[in-house]
Every structure is written in structure tokens, then in C-alpha cells.
Amino acid sequence: MQLTALDLTAFRSYQRLSLPVEPGITVMVGPNGQGKTNIVEAVWYLATLSSHRVPHDAALVHRGESTAIIRASFVRAGRPLQVDLELTPGRSNRARLQGQNVSRLRDLLGEVRAVLFAPEDLGLVKADPEGRRRFLDELLFVIAPRYASVKADYDRVLKQRGNLLKQMRSMRRGGSGRSVGGLDPAESAASTLEVWDQQLARHGADLLRARLHLVNRLRPHLGYSYLRVATDEGAEAALDLPPAQRGEVSSPADVRYRSAVLDELGTAPGELPGLREIHDAMLEMIAARHDEEIDRGASLTGPHRDDLEIRLHDFPAKGYASHGESWSLALALRLASYDLLRLEEGDLGDGEPILILDDVFSELDVHRRERLGRIVTGASQVLITTANDTDIPASLDGEIHVVDVRLGEAVPR
């Protein structure tokens, strides 16, 4: 997949931007704070319907404006693709695909395929599980967009069930409750809780199994990608192994999907239990923790509490890996995602995704920078942001298109 043109209106620092984009490697160069990241953030938003920098859309709209517009032209599987998106904080965003209105925004997911590596990705190794769950879900939605609806349904049930648990906690602590249909309030709440239990287990099992299947597919790419970014020999193009051989490579890096439900089932790394098996175990665990959940006013079992455990030398990387090793692991996660889409999903006719490297060369030491350059050389399209031309590694071979970025402007050199 290739981006051919990007038009921004009232997006971030750009009142108006029209930027043609060439295949191959495009490097956006300019001092910090001039708007380089804003350009690639717009592309990433079209791919994931979220920003990699802020949790809310309000920061994406140019100061003094009410709506931001992203228009982008792509070529996907040899055919043109046009995506338009209007961001209006406080109201529902609107989108058009090939000039036609999209009824649900999440129907855009999977249309634009991209992988982004940014300084914020260090948090994938060092920060809390929420970011790692988001990483998995973003990749999952690109591969199988229907799971965006599953996740939305799960979040809705989780919220409603949480509200009920808080009400039951209040009743348990002596709060008054009114009779509902002649039933005692506590009995009515308990009956309603069982209904939410069933829905939580149904949507939760579907999401958990999809995440687990994704991690199982990602594991061989992760171990192999870590060797490529951590060793000079691994980064050589001649050692680019096909997917079938990557699982045979001995690597110190590994990743596991951690869930109390899978622990209860005794699931070994690489295994994939059936959907009914996961559902039944989750439902049983939910019912067993009712008292504790009511006391705490929160749901304690389900994929919202799971984690993607990143390991190095068979130890959890968080708290064990050095700063450099953590960078290599974060980069390996993104490269593994890129390879999964490029090698295993590319046979669907989509081609490889757009690879985005947002201000990462300045964060990497010279050895990792050169390795990364060797690894991404030859990619169909790479978008790079950097403050200095000198940060571009010499190993990044081939024709490079440079765009000079100054506040509010981006001009091809």
C-alpha cells in the first residue's frame, strides 16, 4: 500500500497543507516543533482512528477552528483508494470512503494499513499494560476489522456491569433500594448481574482468543526481529528469513499473552484453546468472584485486565532490560507487526503496509540506527521524520525524497 497525496485542513499546526508523496523513502526534515510528526500522525489516525500522542481529538484541531479534515489518496492492491475524515471534538466524526459516506467510523479500520514506530513506543516495554493491550488491538483491527465491534461491545458491557456492581456495593453497605416488579432490590440486582456475566463472557472470550491467536502469530517475528535490530549480522539483508523458518531461530526475546483465564486453563505458550473452552472458564471465574467484585465495585476478570508480557532472556523485560535493550524490544515489536502484515497478510492482495518512523533515529545509538536503515531499505514506502539530515543512517540505501518542514508548511526539496 502506498500513500500518494495528503491534504490537511485545520489539522494540528496546519491551516492548510497539500503534500504529494512518492513511493520509496520520504524523509521530513525540520527543527523540533515545526509539524513533522503532525503529518505522519494524520496518516496513522486514518489507519487506527486514534493518535499515538494524545487520547482525545481536541488537540488535533487547529487553534480557533472547530473541525479538522484529513484527506488522503492511496494505491492499494493496484487500485486507487480515497479516504476523507472530519474530526469534530464534542460531536461524531464523519468519514467518506471512495467518496461515499461511511455509516460507522470503525468501518474505516483495515482500509489503511500502516505500522508506526515512535519514541512513545518505549512505553510498550516500560509502562503499564494498557498501552500493550492497545498495541495488540490496533494491529488486530487492521488484520480483522470485525474485532473493533467485538471490543466496542465488550467495553459497553464492562461499563454497564461496573455501574451495577457499584450499585450493589452501595446496597451491601446499607444504601436503600426500591422494589423492582415486586422483587427485593438485591435479588433484582443479582439477576441482572447474571445477564451481564453472560454477555461479558461471550464478548470477552471472542476478544481474548483473537488476541491470543495474534500473539501466537507474532512470536516468531518478534524473536527474529529482535536479533535483527540487536546484532549487526542479523540486520544483513541476506539473512531475511521467510516466516516458516523464523520460529526455528533461537532468540533471547519472546512475548506471551497473560490472562488469568488462560492460567486457569493451563494454556501453554503457542497453544490456542477453543472459544467455548475460554468462554466457560471465564464465566465460571466471573461467578466465583462476585463477592469480591461487589466489594470493589469493578469487574475483575476479562481481557481488560490481561497483558502482553515481553520477555528477555526468559525474564520480564519491564524492570530487567536495559534502556538500549528496551529500545530494541520496542522496535522489534513494530517490525514484527510490519512483517506479519507484509508476509502473512500480504497474500490477501493488500501488499505491504506503509512503514512510519517518527523521530526515532535521534533516540537510537549509531549501531541500532544503521541496523534499522539496513532492515527497512527496500520497503515499498517509508515515511521518516527527523530534525537533522545527519541523523539519516548511511545504510538507508536507495532514492530518498526529502520534504522540508517549517511551521505550517511542508515543501518537497
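**Ground rules.** Residues are numbered from 1 along each chain as its sequence is written, and side-chain values use heavy atoms, with hydrogens and water left out. Since the model is predicted, local features need pLDDT of at least 70 and side-chain atom pairs count only at pLDDT 80 or more, while totals for chains, interfaces and linings use all residues.

**Entry 1, cavities.** I searched the whole structure and found two cavities of 30 Å³ or more. A cavity here is a set of points, on a 1 Å grid over the protein atoms alone, where a 1.4 Å probe fits but cannot get out; lining residues have an atom within 4 Å of a point. Grid points are joined across faces, edges and corners, and a volume is the space filled by probe spheres set on the points.

The largest cavity holds about 80 Å³. I looked up its lining and noted Trp44, Thr48, Ala114, Val115, Leu116, Phe135, Glu138, Leu139, Val142, Arg334, Ser337 and Leu341. Two or more of the lining residues come from each of helix H1 (36-48), strand E8 (114-117), helix H3 (129-143) and helix H10 (323-344). For these labels, helices (H or I, at least four residues) and strands (E, at least two) are DSSP runs, numbered from the N terminus. Which helix gives the most to this lining? H3 does, with four residues. By class I have eight nonpolar, two polar and two charged residues; Ala, Val, Leu, Ile, Met, Phe, Trp, Tyr, Cys and Pro count as nonpolar, Asp, Glu, Lys and Arg as charged, and the others, Gly among them, as polar.

The second largest cavity has a volume of about 30 Å³. Its lining is made by Leu3, Leu6, Leu19, Val21, Thr26, Met28, Ile39, Val43 and Leu383.

Beyond neighbours within four places in sequence, Ala47 is in contact (heavy atoms within 4.5 Å) with Leu109, Val112, Ala114 and Val142. Ala47 and Ala114 are 67 residues apart in sequence, yet 6.2 Å apart in space, C-alpha to C-alpha.

How do H10 and H11 pack, and at what angle? I get an angle of about 10° between H10 and helix H11 (residues 366-376), with the axes 12 Å apart. That makes the two helices roughly parallel. Axes are lines fitted to C-alpha atoms, for helices over the stretch in contact, and angles run from 0 to 180 degrees between N-to-C directions; under 35 degrees counts as roughly parallel, over 145 as roughly antiparallel, 65 to 115 as roughly perpendicular and the rest as oblique. Gly324, Glu325, Ser328, Leu331 and Leu335 of H10 meet Arg368, Leu372 and Ile375 of H11.

I noted Arg12, with phi near 55°, in the loop between E1 and strand E2 (14-20). Arg12 is buried at 16% relative accessible area. Ala77 has a positive phi of about 55° too, and lies in the loop between strand E4 (68-76) and strand E5 (79-87). Ala77 is partly exposed, at 34%.

How values were computed. 1 Å grid on protein atoms, 1.4 Å probe; cavity = no way out; pocket = protein on both sides within 12 Å on 5 of 7 lines; lining within 4 Å. Buried < 20%, exposed > 50% of the residue type's maximum accessible area, 1.4 Å probe, protein only.
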